[in-house]
Amino acid sequence: MSEFVRLETRDGIGTIRLERPPMNALNTQVQEELRAAAAAATADPGVRAVIVYGGEKVFAAGADIKEMADMSYVDMAERAADLSSALGAIARIPKPVVAAITGYALGGGCELALACDWRIVAEDAKLGQPEIKLGIIPGAGGTQRLARLVGPARAKDLIMSGRMVDAQEALRIGLADRVVPAAEVYAAAVELVTPFLTGPVQALRAAKLAVDGGLDMDLNSGLAWESQLFAALFATDDRREGMAAFVAKRKPDFTGR
């Protein structure tokens with residue numbers, strides 16, 4: 001049983017809920033529980049989409065600095081890859097994933113949000129990568145995913161200054177996808193993923209693999225990767241159903257096969 005992270009499933013939506021008061025600091029235990037929750041959400045066919053949520057007050061205010069303060073280079077050299085891969089497990093969930101952000105998403109919390117496909121942000125939320133103020137840099141994907149999302153110049157600004165951005169700036173630079181009142185954050189996340197719940201599971205998975213995988217390739221390799229995934233979908237029942245429904249001018253009934 002997980003102590004600080006749990007996966008709740010309802011109506012096809014799996015909510016990965018962080019509960020480590022007061023700030024959902026991402027210590028080693030939370031990191032590994034996030035990895036386990038991501039694996040469970042991936043394996044459960046009843047989960048069609050995922051919401052990562054820290055609760056009504058805070059998303060996650062970063063890694064546990066008290067835990068890291070006395071670590072040596074040797075200690076962190078042994079741990080750093082596991083830290084990165086724990087949040088990477090969220091990014092690798094082959095289903096639509098949205099972060100529902102209230103309060104603060106800082107440091108590791110911001111990196112957790114970056115591992116999601118979209119970010120719904122409360123009007124009064126603050127996001128940022130303040131690690132530079134501790135004499136370090138982001139180590140769980142922040143330098144890589146943030147630069148890919150908002151561009152290298154803006155990423156360097158946020159990472160090298162350590163400043164926080166409010167919801168409106170986050171929206172303007174592409175760090176947030178939608179800004180809503182704090183009380184509506186979770187409901188807005190549900191609204192975002194609802195259209196995917198009855199969609200073609202294998203095609204949604206392929207779309208995510210194509211985009212995310214292509215970002216790590218040159219254009220020609222990315223096009224070849226896209227072609228492979230595109231062709232593979234012609235082996236699915238949902239492809240046959242989708243095309244048959246189009247020809248018959250009716251709504252498709254996708255089964256996820």
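Me: What makes strand 2, helix 1 and strand 3 a right-handed β-α-β unit?

Reply: In this predicted model, the unit is formed by strand 2, helix 1 and strand 3, and a crossover is called right-handed if, with the strands pointing away from the viewer, the path from the first strand over the helix to the second runs clockwise. Strand 2 (residues 13-18) and strand 3 (residues 49-53) run parallel, while helix 1 (residues 28-43) packs on the sheet and touches strand 1, strand 2 and strand 3. The direction of helix 1 makes about 25° with that of strand 1.

Me: Why is strand 3 called mostly covered?

Reply: A residue counts as buried when its relative accessible area is under 20%, and five of the five residues of strand 3 are buried. Both faces of the strand are covered, with Ala49, Ile51 and Tyr53 buried on one side and Val50 and Val52 buried on the other.

Me: What is the order of the strands in the sheet of six, and which strands are its edges?

Reply: The order is 1-2-3-4-6-9, in an open sheet with mixed pairing. Strand 1 (5-10) and strand 9 (178-180) are the edge strands, since each pairs on one side only. Neighbouring strands of this sheet are turned by 20° against each other on average, direction ignored.

Me: What is the order of the strands in the sheet of three, and which strands are its edges?

Reply: The order is 5-7-8, again in an open sheet with mixed pairing, and its edge strands are strand 5 (104-106) and strand 8 (164-166), each of which pairs on one side only. The twist averages 20° from one strand to the next. Strand 7 (residues 126-128) and strand 8 pair in the antiparallel sense over three bridges, and one of the pairs is Gly128 with its bridge partner Met164 in strand 8.

Me: Which residues touch the most other members of the largest nonpolar core?

Reply: Leu34, Val52 and Ile90 touch the most other members of this core, which has 61 residues. Leaving aside residues up to four places away in sequence, Leu34 touches Val5, Ile16, Leu18, Leu26, Leu87, Ile90 and Leu112.

Me: What makes the peptide bond from Pro21 to Pro22 cis, and where does Pro22 lie?

Reply: The bond is cis, with omega near 5°, whereas most peptide bonds are trans. Pro22 lies in the loop between strand 2 and helix 1.

Me: What is the phi of Asn24, and is this residue buried or exposed?

Reply: Asn24 has a positive phi of about 55° although it is not a glycine, whereas most residues other than glycine have a negative phi. Asn24 is found in the loop between strand 2 and helix 1, and because its relative accessibility is 3%, against a cut-off of under 20%, Asn24 counts as buried.

Me: Why is Lys249 called exposed?

Reply: Exposed means over 50% relative accessible area, and Lys249 has 79% relative accessibility, so Lys249 counts as exposed. Lys249 is placed in the segment after helix 11 (237-248), and it too is not a glycine although its phi is positive, at about 60°.

Me: How do you know that Cys110 is in no disulfide?

Reply: A search of the whole structure finds zero disulfides. For Cys110, the nearest cysteine sulfur is that of Cys116, 11 Å away, while a disulfide needs sulfur atoms within 2.5 Å, and therefore the two sulfurs are too far apart for a bond. Cys110 counts as buried at 2% relative accessibility, and Cys116 is buried with a relative accessible area of 5%.

Technical notes:
Residues numbered from 1 in each chain as written. Predicted model: local features only at pLDDT ≥ 70, side-chain atom pairs only at ≥ 80, totals over all residues. Heavy atoms only, no water. Pairing = 2+ DSSP bridges. Helix = DSSP H or I, 4+ residues; strand = E, 2+ residues; numbered from the N terminus. Axes fitted to C-alpha atoms, helices over the stretch in contact; angles between N-to-C directions. Contact = heavy atoms within 4.5 Å. Buried < 20%, exposed > 50% of the residue type's maximum accessible area, 1.4 Å probe, protein only. Core = buried A, V, L, I, M, F, W, Y, C linked by side-chain atoms within 4.5 Å.
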